[in-house]
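The sequence and the structure are shown below.

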Amino acid sequence: MKPVLVLLAPGFEEIEFTAPVDILRRLEIPVTTAGVKGRLVEGAHGICMQADMLMVDVEPEEYDGIILPGGAASWLLRDTPGVLRLVRTMHAAGKLVAAICAAPIALEAAGVLAGRKVTCYPADAVTNDIRSASLQDAPTVTDGNIITGKGPGAALEFSFAIGAYFEKAVDSLRREMCCS
């Protein structure tokens, strides 16, 4: 299996980054992190993470999917043409496209949500931007190759949904992690 790409942009919600990376690695799914603006990226709560690489160096064919953590970083993700190109390319290839919290606004901007069921952070600043999809009030929603999560509190469920997408045995991991 090829790695899953997780983007890091300034202001990312830390738990929405660390939970998917942790869960996927526990499931032996390779993960690569890429910084949108630099390799050292500060999150919404002052925690700095170092990305494996820069987004500009990403070759989409080398990955089986992309994950966008949310938080204040979501608007930067939405407004960065390179992010939108990566999302469109992954989606067109039928690969995983996942976003949590406010980050589904980047999926909307990339034009990949039309007719899909999604969830997102329940604030007008987010929900008003998502016009082409059907918003669901659920912690996580999987619709084909698109997985969305509601917010920080849904980070583990979002991560397990991604693991299930890749047909990994998430139930045993849930038990091992005392999440069942």
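In this predicted model, Gly 35 stands opposite Leu 54 in strand 5. The pairing between strand 2 and strand 5 (residues 53-54) is parallel and comprises two bridges.

Strand 2 is also paired with strand 1 (residues 4-8): the two run parallel and are joined by five bridges. Within this pairing, Val 4 has Val 31 of strand 2 opposite. Between strand 1 and strand 2 the chain passes through helix 1 (residues 14-26), forming a right-handed β-α-β crossover.

Is strand 2 enclosed or exposed, and what do its residues show? Strand 2 spans residues 31-35, and five of its five residues are buried, so the strand is largely enclosed by the rest of the structure. Side chains in a regular strand alternate between the two faces of the sheet. In strand 2, Val 31, Thr 33 and Gly 35 point one way, whereas Thr 32 and Ala 34 point the other way, and all are buried.

**Aromatic pairs**

A pair of aromatic rings is described by the distance of the centres and the angle of the planes. Two aromatic pairs occur in the structure, and their values are as follows.

| Pair | Distance of centres | Angle of planes | Arrangement |
|---|---|---|---|
| Phe 12 and Phe 17 | 5.6 Å | 70° | edge-to-face |
| Tyr 165 and Phe 166 | 5.0 Å | 85° | edge-to-face |

The planes of Phe 12 and Phe 17 lie at 70°, and angles over 60 degrees count as edge-to-face. Phe 12 is buried, with a relative accessibility of 0%, and Phe 17 is buried as well, at 6%. In the other pair, Tyr 165 counts as partly exposed because its relative accessibility is 27%, while Phe 166 is buried, with a relative accessible area of 16%.

**Asn 145**

Tyr 165 also belongs to the surroundings of Asn 145, as the two residues are in contact. Asn 145 is located in the loop between strand 10 (140-143) and strand 11 (146-149).

Beyond its neighbours within four places in sequence, Asn 145 is in contact with His 91, Gly 94, Lys 95, Leu 96, Val 97, Arg 116 and Tyr 165. With Arg 116 there is a polar contact between the two side chains, at 3.3 Å.

Notes: Residues numbered from 1 in each chain as written. Predicted model: local features only at pLDDT ≥ 70, side-chain atom pairs only at ≥ 80, totals over all residues. Heavy atoms only, no water. Helix = DSSP H or I, 4+ residues; strand = E, 2+ residues; numbered from the N terminus. Polar contact = N/O pair within 3.5 Å; in protein donor to acceptor, adjacent residues only side chain to side chain. Contact = heavy atoms within 4.5 Å. Phe/Tyr/Trp six-rings, centres within 6.5 Å; stacked < 30°, edge-to-face > 60°. Buried < 20%, exposed > 50% of the residue type's maximum accessible area, 1.4 Å probe, protein only. Pairing = 2+ DSSP bridges. Right-handed = clockwise from strand over helix to strand, strands pointing away.
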